[in-house]
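Hi there,

Here is the structure I promised to pass on to you. Have a look at it first, and then read my notes below.

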Amino acid sequence: MLQIKNLSFTASENGAETHIVKNISFDVNNGETIVITGPNGGGKSSLAKVIMGILPANEGKIYLDFEDLTEYDIDHRANASIGFAFQHPPRFKGMTVKRLLSLSAGEELTRSQCCQMLSNVGLCTNDYLDREVDGTLSGGEMKRLEIATVLAKPHKLCIFDEPEAGIDLWSFSMLVKQFEKIHQEKRQSLVIISHQERLIQIADRIMVLDQGEISAFGKREEALPGLMHSSDECCCLSKKQNHCKKEA
């Protein structure tokens, strides 16, 4: 179980402070899937990065299975079994895809194992295993590879920051199936930041984050009215908008 207690994050720039995450508290139960949505600039990605230890919390506590992770850095939180997929994945010149997947899994993987992982996220494996994780890969390819690295190893909690961004509809459908499988197995907790209705539909609970604060949190029928009245042109549930852009 993830427990967030009175978490705050303040960014400083040119002597001015901006409160990005404001005294947030919530729990994620074992095996639960929570989707965090809401207006752009509402603090969703910052909250995820504070939980992972990428950004420092100014106040509050973070617990995983009642272990206090508040003072842990990102490496120690990863060792405590938290997985994280960035909205904009890093690149690693000189490292092959196969090597990156093996490092993510914590063991040397066979080509067959790597092929299965890449197939699960819509990548044609023979075209990728020996390629470097560098600028020759498109944003959509990097996004899917990033998700594969998180799924390469079981975690207590996985955090995905807008997994739909930059990938095509076919690949997105495959990702939804992976999330649905994890959700059904109830072995890992998921926190997914997303505007996509298909991901919102698989959530056990939905959090609407607006201006650094939780404006609604609960099951779909409880949270969605708050989402529809959010103060930005979020259009999270609009079927007229397609946030799964074609692969770069």
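Which strands does helix H1 lie across? Helix H1 (residues 44–52) lies across E1, E2 and strand E4 (59–64), and runs at about 115 degrees to E1. Helices (H or I, at least four residues) and strands (E, at least two) are DSSP runs, numbered from the N terminus. Axes are lines fitted to C-alpha atoms, for helices over the stretch in contact (heavy atoms within 4.5 Å), with angles from 0 to 180 degrees between N-to-C directions.

Before going on, please note that this is a predicted model: local features need pLDDT of at least 70, side-chain atom pairs count only at pLDDT 80 or more, and totals for chains, interfaces and linings use all residues. Residues are numbered from 1 along each chain as its sequence is written, and side-chain values use heavy atoms, leaving out hydrogens and water.

Now the sheet. Four strands make an open, antiparallel sheet in the order E2-E1-E4-E5; two strands pair if DSSP finds at least two bridges between them. Strand E2 (16–28) and strand E5 (67–68) are at the edges with a single partner strand each, so one side of each has no neighbour in the sheet. Nine antiparallel bridges join E2 to strand E1 (residues 2–13), and Glu-13 has Ala-16 in E2 as its bridge partner.

Finally, there are three aromatic pairs (Phe, Tyr or Trp rings, the six-membered one for Trp, with centres within 6.5 Å; planes under 30 degrees apart are stacked, over 60 edge-to-face, the rest tilted). One of them is Phe-26 with Phe-217, edge-to-face at 6.1 Å centre to centre and 85 degrees between the planes. Phe-26 is in strand E2 and Phe-217 in strand E12 (residues 213–218), 191 residues apart.

Happy exploring!
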